[in-house]
Amino acid sequence: DGTIYQSLGDATVGSGGSVVTTFAAIDTGPIACPAGSLGSIYRVVPGWDSITNASAGITGRNEETAAEFEQRRAASVAGNATGILPAIRAAVLDVDGVVDAYVTENTTATAATIGGVSVDANSLYVAVSGGTNADVARAIWSKKPPGCAYTGTTTVTVTDTLGYSSPYPSYSVKFTRPSALPIYFAVELANNGLVPSDAGDQVKAAISAAFNGEDGGARARIGSKIYALRFATGIAALGPWSQLVTLKIGTTASPTGSEVAVNISQVPTLDTANIAVTVV
């Protein structure tokens with residue numbers, strides 16, 4: 001559709017012939033990015049032949065909700081501190097282009113599983129969606145307490161130029177770029193004789209709005225638990241014709257569950273093609 005995306009950091013294609021990395025649209029706002037919609041290379045790099053997005057991207061917005069504003073306000077207060085997890089999270093969320101972040105730590109002397117992820121002993125774990133690698137790493141480093149190790153899949157070198165002359169001390173900062181977790185919905189509506197011809201599109205729009213937090217509620221986030229009933233209110237509000245029979249959610253086609261637990265290394269995504277609406 002003419003939207004240009006840029007890589008958020010360096011990526012090297014290994015001997016396997018491919019690499020997974022994160023891209024973001026240069027323009028901001030509610031830009032949909034369905035699975036498989038990215039296919040052409042805008043600026044040629046020798047050796048780079050093709051690109052594909054196996055899952056849908058995260059849809060942005062032009063304006064935050066009231067709930068998100070309150071969360072950002074609270075985070076800005078914590079951002080004045082140093083060496084505590086809320087301060088690190090606030091600094092990361094303040095990075096231009098960051099849409100979500102999850103911060104935790106393992107204070108024990110052995111590795112521990114937290115939110116479905118193995119976190120090394122005595123280490124900090126940060127998962128970030130959006131923002132360039134360099135900006136995210138510097139934000140983490142600016143608030144991290146000294147002597148604390150990292151657990152993460154992306155490593156960036158941060159140079160400390162404050163109060164030093166060349167050569168400057170440098171540090172390796174690690175964090176994780178969460179993998180996309182496509183979410184699927186299966187909706188059954190009662191055949192009451194009132195269902196309009198565009199019912200499927202209306203239901204998909206209602207689910208998408210709730211998923212992205214556009215209805216005023218919490219949006220689906222890294223490390224969250226997504227309940228199917230969270231989306232029932234928006235569907236029921238479409239009109240008296242919208243009578244739910246069943247509403248299922250899952251991570252595969254033909255979902256059968258009532259909730260989805262998102263790991264702290266995953267970011268939930270939604271493609272309207274993954275919402276099935278039937279009238280029974």
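This is a predicted model: local features need pLDDT of at least 70, side-chain atom pairs count only at pLDDT 80 or more; totals for chains, interfaces and linings use all residues.
Visitor: What is the strand order in the open sheet of three strands?
Guide: The order is β3-β6-β7, and the pairing is mixed. The edge strands, each pairing on one side only, are β3 (100-106) and β7 (149-151). On average, neighbouring strands of this sheet are turned by 25 degrees against each other, with direction ignored.

Visitor: And in which sense do β3 and β6 pair?
Guide: They pair in the antiparallel sense, over seven bridges, with β6 made up of residues 123-129.

Visitor: Let's move to α3. Which of its residues are buried?
Guide: In helix α3 (residues 133-143), the buried residues are Asn133, Val136, Ala137, Ala139, Ile140 and Lys143. They lie on the same side of α3, because they cover an arc of only 160 degrees around the axis.

Visitor: Why would residues three or four places apart point the same way?
Guide: An α-helix has 3.6 residues a turn, so residues with that spacing point the same way.

Visitor: What covers the buried residues of α3?
Guide: The cover includes α2, β6 and β7, together with β8 (154-159) and β9 (170-175).

Visitor: New topic: how many residues are in the largest nonpolar core?
Guide: There are 23 residues in the largest nonpolar core, and those with the most contacts inside it are Phe185, Ile207 and Phe231. Two or more residues each come from β11 (184-189), α4 (199-211), α5 (232-236) and β13 (244-250), and α4 gives the most, with five residues.

Visitor: Which residues are in the other core?
Guide: That core lies apart from the largest one and has 19 residues, among them Ile88, Val128, Val156 and Phe175.

Visitor: Back to Phe185, what is it in contact with?
Guide: Leaving aside neighbours within four places in sequence, the contacts of Phe185 include Ile207, Phe211, Phe231, Leu247, Pro255 and Leu270. Both Phe185 and Phe231 are buried.

Visitor: What kind of aromatic pair do Phe185 and Phe231 form?
Guide: Their pair is edge-to-face, with 4.8 Å centre to centre and 70 degrees between the planes. The pair links distant parts of the chain, since Phe185 is in strand β11 and Phe231 is in the loop between β12 (225-227) and α5, 46 residues apart. The count of aromatic pairs comes to three.

How values were computed: Residues are numbered from 1 along each chain as its sequence is written. Side-chain values use heavy atoms; hydrogens and water are left out. Two strands pair if DSSP finds at least two bridges between them. Helices (H or I, at least four residues) and strands (E, at least two) are DSSP runs, numbered from the N terminus. Axes are lines fitted to C-alpha atoms, for helices over the stretch in contact, and angles run from 0 to 180 degrees between N-to-C directions. A nonpolar core is a set of buried Ala, Val, Leu, Ile, Met, Phe, Trp, Tyr and Cys residues joined through side-chain atoms within 4.5 Å. Buried means under 20% relative accessible area, exposed over 50%, partly exposed in between (1.4 Å probe, protein chains only). Contact means heavy atoms within 4.5 Å. The arc is that of the directions from the helix axis to the C-beta atoms. Rings of Phe, Tyr and Trp (its six-membered ring) pair if their centres lie within 6.5 Å; planes under 30 degrees apart count as stacked, over 60 as edge-to-face and the rest as tilted.
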